[in-house]
Amino acid sequence: MAKIILLDNELANQIAAGEVIERPASVVKELVENSLDAEATKVDVFIYEAGRKKIIIQDNGTGIPKEQLSLAFERHATSKIHSVFDLFRIKTLGFRGEALPSIASIAKISVETAIKGSSGVSATMIEGNFKMSAASSSVGTKITVEELFYNTPARLKYLKLDYTENAVTLDVLTKIALAHPQVSFSLYFDDKLRFKTSGRNDLKETIMNIYGLTHVKNLLPINVSTTDFKISGFLGNTNLVRANRYGIITNLNGRNVYMPKVQSAIIEGYHGFIAPSRFPFVILNFEIEPELVDVNVHPTKKEVRFSKEDKLREILIKEIPLALRHDEFIPQDTYVKASEPSVLPDEKPYEQMLFDLPRTELFSELPINDVNEKEVAPLFDNKEAFLLQDVTPIGTLHQTYIICETSDGGFWLVDQHAAHERINYERFQKALNENLHTRPLLVPVLLSFSHAEMALFTNEVIDLLKEVGLEVEVFGTNDIRVKAVPNYTHEYDEHIYIQDIIEQVLNDKKLNQQLLRTNAIATMACKASIKAKHYLSKTEMSHLISELLRSENPYSCPHGRPTIIKFTKYELEKMFKRTGT
Ligand code: ADP
Ligand code: MG
């Protein structure tokens, strides 16, 4: 066994850096948090070559006193806590005194700083050598980090493509900016501005600065105070639903944190308002006595623990539905269009028709993502056999199940939505797989995305979208322009198709052409199909049944649920104990 030795400073710092500094975004997070702790009201972030080359963070905070500058680079040196007592009432973002020495151990740092009433100073910390000289800086601090991971090649190799690293950095700064609407942030990639927040302490305005007008139009405020908590923020309405949890942003005492139990309570609060497989867009701030919170759980402080978490869950599960019910849920167009196409009063868009239905109906839909076509055991052994007999619709049960008399003395119940879905599924499959015709949109549809999402629109993604008939191009910094859609969307609302497909492409990294096609077809089939509680005339029923019987697989809908349940004459007679009479 080798001898036990005390690690030298440099190595100890590199080990600490391994925990805290994973990628350029981690540098940005740590340094921006320092700026916020220093009460900055303006923080500018400049990233060069995704942060591999250079990262600059400039703030107008308190600055660092000359005589303390070298200390700031020492491990466990912090101005933020002094005793164990302080550790349990932390109000600052930092407190471990690890960021600066960690970054200095894996990159080349220089600092320019000045405090009020004193001349400035600049310093470099390169390979453990600290050098300081006088400088004329304005009050605040500017930290430049160059050649990140230059001495840890394994880490450097682990970094992802530039656009991915930039997307992560965007995400980190976005979340910090949302937690601090009183601070003006700007972010530049290679000198190109990506976003800038006003810093006017208006969360709605900050959301607008980052996500654009579309999001702001679809938000409901929430404000709740109890003895233990103050909850404030915005709940996205049904127009902002997403296929993943990334739109659920929670801040605890000004710190963006991930709280799994709280997140699940938020999702539960939306239960019945959005489809089960969908997630809301939510920004919530929780203010809690610092004594109740333990932030010292993880080095990056991403996850926190606090007592009374169950209490908070209860409040959310109760208050979110109350806030959502206040909204009239008037569907607003999710898309910002150049001009509104004129719609005649009785030509309601399909989405509008959905909203006209009672809400319970609307949201009891099965998840439309669940498109794996499971073969169910056929209810009939031989399709030909029942094609020969007469099937006559005689009415509906609960405007949902069509009752059909059959010439052999039995009857069927047919789920009108499932049946229509099956018919449409096969029709769209044909349209997409055999001859995909697209049609240009007279008014291209503009879709707004966050900066992080925009970074995902690579050439491959754009090509993939083409495969399912969507011609899109990046338009400005926040928008995607859809120029053409598949012909078959014409009969329904192409906006639903566009939104669904784009969401799938952005959220599912493993998506391939085949899967996307299947999903696209199932989405259209579901959206285009008549719902339960929709009145059908006798002629429409007959038409539906005969179409269903002509389809390849009439027994189940694309989600694998049965479309037809058959009762034989024998079963009927048995139930009424008429057998043998
Ligand atoms: P921590 O934030 O955990 O205290 P850091 O290593 O991040 O540790 O920073 C060390 C110290 O350097 C801080 O406690 C603070 O006093 C000082 N400091 C770092 N960045 C800034 C800044 N932008 N403005 C003012 N002081 C700073
Ligand atoms: Mg810090």
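This is a predicted model: local features need pLDDT of at least 70, side-chain atom pairs count only at pLDDT 80 or more; totals for chains, interfaces and linings use all residues.
Local features need pLDDT of at least 70, side-chain atom pairs count only at pLDDT 80 or more, and totals for chains, interfaces and linings use all residues. Residues are numbered from 1 along each chain as its sequence is written, and side-chain values use heavy atoms, without hydrogens and water.

**View 1. Helix α2 packs with helix α7.** Helices are DSSP runs (H or I, at least four residues), numbered from the N terminus. α2 spans residues 24-37 and α7 residues 162-179. Their axes, lines fitted to C-alpha atoms over the stretch in contact, lie 8 Å apart at an angle of about 20 degrees. α2 is therefore roughly parallel to α7 (angles under 35 degrees). Contact means heavy atoms within 4.5 Å. From α2 come Pro24, Ala25, Val28, Lys29, Val32 and Leu36. α7 supplies Glu165, Val168, Thr169, Val172, Leu173 and Ile176. The contact residues comprise 9 nonpolar, 1 polar and 2 charged.

**View 2. Serine 35 sits in helix α2.** Its relative accessibility is 2%, so serine 35 counts as buried (under 20% relative accessible area, 1.4 Å probe, protein chains only). Leaving out residues up to four places away in sequence, serine 35 touches Ala40, Val43, Ile57 and Asp59.

Notes:
Chains are lettered from A and ligands numbered from 1 in the order in which they are written. Axes are lines fitted to C-alpha atoms, for helices over the stretch in contact, and angles run from 0 to 180 degrees between N-to-C directions. Helices (H or I, at least four residues) and strands (E, at least two) are DSSP runs, numbered from the N terminus. Angles under 35 degrees count as roughly parallel, over 145 as roughly antiparallel, 65 to 115 as roughly perpendicular and the rest as oblique. Ala, Val, Leu, Ile, Met, Phe, Trp, Tyr, Cys and Pro count as nonpolar, Asp, Glu, Lys and Arg as charged, and the others, Gly among them, as polar. Buried means under 20% relative accessible area, exposed over 50%, partly exposed in between (1.4 Å probe, protein chains only).
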